[in-house]
Amino acid sequence: MTTLHEPVVTTTPADLSVWPASTTEPRPGDLAVGGVPLAEVADRFGTPVYVLDENEVRERCRTYRHAFPDAEVLYAAKAFLCRAMVHWTEEEGLGLDVCSAGELELAVTTGFPPERIVLHGNAKSPRDLETALRLGVGRIVIDSPSEIARLAAAVGPDGHQKVMVRVVPGISAGGHEKIRTGTDDQKFGLSIADGYAQHAIARILDQPQLQLTGLHCHLGSQITSVKPYLAAVRRMVGLMARLYEQHGLVLPELDLGGGHGIAYRPGEAALDLTALARKVRAELSDACAAAGLPVPRLIIEPGRAVVGPAGIAVYRVLAVKKTGDHTFVAVDGGMSDNPRPALYGVRYAPRLIGRASAAPTAPVTVVGRHCEAGDVLAADVELPSDVRPGDLLAVPVAGAYHLSMASGYNLVGRPPVTAVRDGHARLLVRRESLDDIRRRDVGL
């Protein structure tokens, strides 16, 4: 990672443990990422602004390739996607996992090889499927029985398409109930327990234009333990063994999805990627040996773990207000650029940047500018007690599910995305302007 070639203030590892590896403090209170002071990014591009450390993204892609040298690693584009991210992913040797025609077309028109793309989605639209077939997507993950006939008809009697089946293994894992997807009580996939997965697979085998290459499962998000993945391996190999007994079917691929947990605040747990790779590989080998099956090629789909820790959101303080025992620090963004605290109760560790403060810290709640009581970015966090309007706050671990989930609430416009590398900052996605919003409004 690149650092500034000037004196750096020593900070304890815990201070910056969830920040990109290139983060330095060239002057007290003035953080730089990728060799670029964050205050300079804010002055140049305005606030709110997202900052991505390109080298951090690339290094995280390489970490996955090194940990899983024999697996296919697909970046989950839903976490964050723009043309630069497509380019970085392709250059680092990862494939892509997309969930819509929009994500797919952006990737392919940027130059990403369509055969290295997998299309997901629990409710794929006709446009999604048509676009996937037209562009030659590598695999389509079937998520419901109705997709089988629709996809076969779209492919046509002389066509050919590789598919996988998303299976629900009946395993509860994830950081919040709204992001647990491996159980039978949610909208994704086909259950092993009630036989729907087996029935769907039998129907696929009756469609000669559909080539079933493997099984897929995704347990949830923000998983910090290896154990659920090992349980998933055992259940998925168990299903593969039954399919071999019933149909003589040997599937060459097994996709374990993603959901690899990261730390949002110092001291929080994160998934041990090295342990995951080692233990999953051993569990898969043992389970297949016991079932008398060849070991399928493993596929994994990290998203948040690739881009999340590489991103920072920078805001400017608009107001500081004391109400009873509470101090509210209001910034110029909020739930329109980060709805995750309201959706999942995610907790962040914002930091004052751009100036040094000798004031003692005090508990505050950082809130957004929107007309919702739930527009809270960080509750009960420690900031210098002299924080004031005009100050800059930086929120680390902001690379995933921020811009991709941003909205047009209150018509404030979505923030820009910048990339920093080797002491230079550049614009990747421009700020959404009032002119952009007006142009979409076509009628009176």
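Strand 4 is the main contributor to the lining of the largest cavity in this predicted model, giving 3 residues. Strands (E, at least two residues) and helices (H or I, at least four) are DSSP runs, numbered from the N terminus. Residues are numbered from 1 along each chain as its sequence is written. In this predicted model, local features need pLDDT of at least 70, side-chain atom pairs count only at pLDDT 80 or more, and totals for chains, interfaces and linings use all residues, while side-chain values use heavy atoms, with hydrogens and water left out.

The structure contains 3 cavities of 30 Å³ or more. A cavity is a set of points, on a 1 Å grid over the protein atoms alone, where a 1.4 Å probe fits but cannot get out; lining residues have an atom within 4 Å of a point. Volume is the space filled by probe spheres set on the points, with grid points joined across faces, edges and corners. The largest cavity has about 70 Å³. Its lining includes Tyr50, Val51, Leu52, Phe80, Gly311, Ile312 and His402. Strand 4 (49-53) and strand 14 (311-323) each give two or more residues to this lining. By class, the lining has 8 nonpolar, 3 polar and no charged residues. Ala, Val, Leu, Ile, Met, Phe, Trp, Tyr, Cys and Pro count as nonpolar, Asp, Glu, Lys and Arg as charged, and the others, Gly among them, as polar.

The second largest pocket holds about 420 Å³. A pocket is an open set of points with protein on both sides within 12 Å along at least five of seven lines. Its lining comprises 16 residues; Leu81, Leu403, Arg414, Val429 and Arg430 lie nearest the centre. Helix 4 (residues 101-109) gives the most, with 3 residues. This lining has 7 nonpolar, 2 polar and 7 charged residues.
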